[in-house]
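Dear colleague,

My notes on it follow directly after.

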Amino acid sequence: MLEKMEILDVEKLIGDFEVMTKDAENVQRETLKMILEENGCAEYLQNMGLNGRTDPESFKACVPLVTHKDLEPYIQRVADGAFSPILTGKPITTISLSSGTTQGKPKFVPFNNELMETTLQIYHTSFAFRNREFPIENGKALQFIYSSKHSKTKGGLFAGTATTNVFRNPQFKKAMTAMQSECCSPDEVIVGPDFHQSLYCHLLCGLIFHEEIQLVSSTFAHSIVLAFRTFEQVWEELCDDIREGVLTSRITFPSVRSAMAKLLKPNPELADLIEKKCSRLSNWYGLIPELFPNVKYIYGIMTGSMEPYLKKLRHYAADVPLISADYGSSEGWIGANINPSLPPESTTYAVLPNIGYFEFIPLKENVEGHMQENGNVSFLSTEPKPVGLTEVKVGEEYEVIITSFAGLYRYRLGDVVKVMGFHNSTPELKFVCRRNLMLTINIDKNTEKDLQLAVEEAAKLIAEEKREVIDFSSNVDVSADPGHYVIFWEISGEVSDEVLKECCNCLDRSFVDAGYVSSRKVNAIGPLELRVVWKGTFHKILDHYLRLGAVVSQFKTPRYVGPTNNKVLQILCDNVAKNYFSTAF
Ligand code: AMP
């Protein structure tokens with residue numbers, strides 16, 4: 001039983017949040033001051049000529065906006081073990097590898113205790129709001145979490161994905177206990193060296209503790225869908241293990257086997273029960289509440305590139321609420337979901353004004369300014385004029401800039417957000433898309449969001465045949481003139497050529513960006529191509545990223561595969577089963 005002392009005081013947490021967000025502007029000033037005081041001796045800041053000034057005006061005047069590329073040489077020196085303070089006052093001892101699934105290769109970013117503290121703060125804040133509406137009792141969480149191998153950099157610093165750095169920190173377990181969300185799987189499963197084996201064991205642990213499971217979660221929703229798709233394949237094997245009390249020989253790692261052996265006892269009644277439950281489901285609808293009768297909600301990041309998985313997740317969840325987890329990145333946290341009863345499609349994130357210093361580049365103004373100058377639009381070449389956290393306007397879109405406690409100053413995160421409103425004086429942001437994911441050939445520009453909407457529209461045509469798009473990606477093919485968009489689809493079963501041809505036309509018509517439509521009409525962009533790939537292709541892409549050191553917990557299918565990401569492009573192109581060209585224009 002948990003001691004009362006260990007459980008979070010949610011009302012106090014909410015009270016503190018209210019006080020802080022009523023004074024967001026001052027809290028931002030104070031936060032910047034703290035960051036600059038703590039790190040003022042670092043070489044990077046020393047070179048900026050701040051001379052001890054910590055006010056936002058001097059900061060903006062002296063310190064330039066940067067991207068990861070600009071900071072790479074500094075971060076590399078930190079990773080190589082440079083002795084002097086480079087980016088932060090205190091030495092950095094850990095490096096996070098960002099998932100890299102959006103860029104093609106993992107990036108190094110600094111991780112430190114302060115970042116861990118902000119992680120806990122955001123976990124606690126959103127938990128407080130969540131628990132007020134969806135209280136959980138003492139029980140367990142089925143968490144599909146995986147940590148990557150921890151390696152060492154040349155300079156001897158620990159390096160792992162950001163989620164790994166969090167999961168392995170002793171504070172993480174304490175926080176989960178305090179949030180009554182203790183993972184039902186033993187640590188050996190979470191840190192297990194093979195993701196497929198860990199996933200199987202997570203499922204098995206969930207079944208063993210099926211009555212105690214209060215929530216099902218993962219960092220990103222993709223992992224939950226992947227887990228239950230896997231369940232559909234392996235449920236009979238899981239039942240055999242439970243019946244006999246012996247773990248399948250497929251699980252080979254001794255540490256994982258011995259941890260599981262402690263939990264697994266022959267339990268034919270439970271095996272029978274699960275078999276009965278599974279056999280009475282129709283097409284696995286409502287699988288989650290059927291298996292876990294006391295589950296209160298499903299939790300994980302469900303916005304942005306995770307939205308395409310919501311349909312399948314709802315299918316498994318039936319009427320169990322889906323709650324999107326918070327908004328952050330390996331570089332730092334941004335906002336908490338404090339309106340948990342909103343469906344993921346409407347989720348917003350309230351920025352915590354004390355976890356970093358935030359600026360926002362208005363997109364509309366910059367794009368318009370650039371259009372007037374040049375007559376056409378190039379998103380990233382505009383001169384940005386960022387505004388402060390409390391200066392953003394409702395309804396406008398912005399690119400997020402972070403200044404963190406972990407050595408990033410005026411760092412362009414590359415995410416686009418929309419301001420949906422304010423909670424007291426802090427903005428509530430909706431995640432829109434990654435800024436650099438653009439399908440573009442000439443004057444057209446389509447973002448990840450545009451692609452997602454087009455795929456959603458076209459997928460309705462196969463939904464009529466009880467088929468679904470399991471995953472998708474895109475690319476522009478400019479090998480011949482004119483270039484054209486290529487959309488890759490993995491589908492859950494057979495679909496006739498006729499319908500797929502219609503899907504292809506629908507995709508082409510669904511990109512409504514004026515630049516695209518006008519280019520298509522005059523054939524300055526060629527007919528869109530839909531390439532249907534063999535089942536399992538996107539799994540191969542996941543495996544490819546895992547080999548590169550990514551971790552399933554942070555995996556995001558790359559929605560656009562650029563020319564530099566040739567390995568992924570090759571996997572996609574090598575697995576094309578059929579292709580179709582649009583006749584929509
Ligand atoms: P990583 O590179 O693994 O650190 O991933 C960070 C990126 O994931 C962010 O920059 C966003 O693009 C995306 N992301 C993180 N949280 C959310 C969220 N709540 N909604 C949508 N996208 C998110």
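In this predicted model, β9 gives the most to the shell around the ligand, contributing three residues. The elements that supply two or more residues to that shell are β9 (327-329) and β16 (426-434).

The ligand site

In total, 18 residues surround the ligand, and the closest are Thr303, Gly328, Ser330, Asp415 and Gln554. By residue type, the shell around the ligand divides into six nonpolar, eight polar and four charged residues.

Thr303 places a polar side-chain atom 2.5 Å from a nitrogen atom of the ligand. A nitrogen atom of the ligand also lies 2.9 Å from a backbone N or O atom of Asp326. In the case of Asp415, a polar side-chain atom lies 2.7 Å from an oxygen atom of the ligand. On its own the ligand has 500 Å² of accessible area, and the protein covers 95% of that area. The space that the ligand takes is the largest cavity.

The annotated domain

For residues 449-561, an unreviewed UniProt entry gives the feature "domain: GH3 C-terminal". The span 449-561 is 42% helix and 19% strand, and its end C-alpha atoms lie 15 Å apart.

Backbone points to check

Most residues other than glycine have a negative phi, and most peptide bonds are trans. Two places in the model depart from this pattern. The peptide bond that joins Asp481 and Pro482 is cis, with omega at about 0 degrees. Pro482 belongs to the loop between β17 (469-477) and β18 (484-491). Asn51 is found in the loop between α3 (43-46) and α4 (56-62).

With kind regards

Conventions. Residues are numbered from 1 along each chain as its sequence is written. This is a predicted model: local features need pLDDT of at least 70, side-chain atom pairs count only at pLDDT 80 or more; totals for chains, interfaces and linings use all residues. Side-chain values use heavy atoms; hydrogens and water are left out. A residue is near a molecule or strand if one of its heavy atoms lies within 4 Å of it. A polar contact is a pair of N or O atoms within 3.5 Å; within protein, one must be able to donate a hydrogen and the other to accept it, and residues adjacent in sequence count only if both atoms are side-chain atoms. Accessible areas come from the Shrake-Rupley method with a 1.4 Å probe; for residues, only the protein chains shown count as cover. On a 1 Å grid over the protein atoms alone, a cavity is a set of points where a 1.4 Å probe fits but cannot get out, and a pocket is an open set with protein on both sides within 12 Å along at least five of seven lines; lining residues have an atom within 4 Å of a point. A molecule sits in a cavity or pocket if more than half of its atoms lie within 2 Å of its grid points. Helices (H or I, at least four residues) and strands (E, at least two) are DSSP runs, numbered from the N terminus. Ala, Val, Leu, Ile, Met, Phe, Trp, Tyr, Cys and Pro count as nonpolar, Asp, Glu, Lys and Arg as charged, and the others, Gly among them, as polar. UniProt positions are given in the numbering used here, feature names are shortened, and annotations may be inferred rather than shown by experiment.
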